[in-house]
Amino acid sequence: MKFDLSEIEKSKNDEKANITIPNYMTTQLAEFIGIMIGDGHVGREGYHQSLRIAGNINDISYYETYVQDLIKELFNIRFTLYTQKSKNVVIVQKHSKALFYFFHNIIGIPQRKDHVEVP
């Protein structure tokens, strides 16, 4: 499955970070889509578009290594990883206009995941 990326707009920060957007479906991208549908959020807050994945702090090594390596392979970047120990949460996040539009418009992940169709 090849994606039409002609409408994906990169911000200056996306360009500076040298973000790449996959132009076809791979098993790695399908796995990341599953992570986003299960534990992630594709959202817009004011002028900021972002992707966020939240999990249990006990699984931090999974997010630090496996998820970050997957992100690097797919998009040529790393997300910011931080913890909220009071909530026992690890969060992996990236503000990116290009990634927001890719996952929201091309892949079809809505901001509210009440009804998600798996591509």
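This is a short tour of a predicted model, stop by stop. Local features are given where pLDDT is at least 70 and side-chain atom pairs at pLDDT 80 or more, while totals for chains, interfaces and linings use all residues. Residues are numbered from 1 along each chain as its sequence is written, and side-chain values use heavy atoms, with hydrogens and water left out.

**Stop 1: strand E4**

Select residues 89-95, which form strand E4. Helices (H or I, at least four residues) and strands (E, at least two) are DSSP runs numbered from the N terminus. Five of the seven residues of E4 are buried, so the strand is largely enclosed by the rest of the structure. Buried means under 20% relative accessible area, exposed over 50%, and partly exposed in between, with a 1.4 Å probe and protein chains only.

**Stop 2: the partners of E4**

E2 and E4 run antiparallel and are joined by seven bridges; two strands pair if DSSP finds at least two bridges between them. Leu51 stands opposite Lys94 in E4.

E3 and E4 form a hairpin with four residues between them. In that turn, select Asn88, which has a positive phi of about 55°.

**Stop 3: the core**

Select Phe32, Leu99 and Phe103, the residues with the most contacts inside the largest nonpolar core, which has 29 residues. Such a core is a set of buried Ala, Val, Leu, Ile, Met, Phe, Trp, Tyr and Cys residues joined through side-chain atoms within 4.5 Å.

Not counting residues up to four places away in sequence, Leu99 touches Ile19, Ile21, Leu51, Phe75, Ile77, Phe79 and Lys94. Contact means heavy atoms within 4.5 Å.

**Stop 4: Gln49**

Go back to E2 and pick Gln49. At 12% relative accessibility, Gln49 counts as buried. Beyond its neighbours within four places in sequence, Gln49 is in contact with residues including Lys94, His95, Phe100 and Tyr101.

**Stop 5: the largest pocket**

Finally, select Ser11, Asn13, Asp14, Tyr47, His48, Gln49, His95, Ser96 and Lys97, which line the largest pocket. A pocket is an open set of points on a 1 Å grid over the protein atoms alone where a 1.4 Å probe fits, with protein on both sides within 12 Å along at least five of seven lines; lining residues have an atom within 4 Å of a point. Helix H1 (12-17) and E2 each give two or more residues to the lining. The volume of this pocket is about 160 Å³.

Methods:
Grid points are joined across faces, edges and corners, and a volume is the space filled by probe spheres set on the points.
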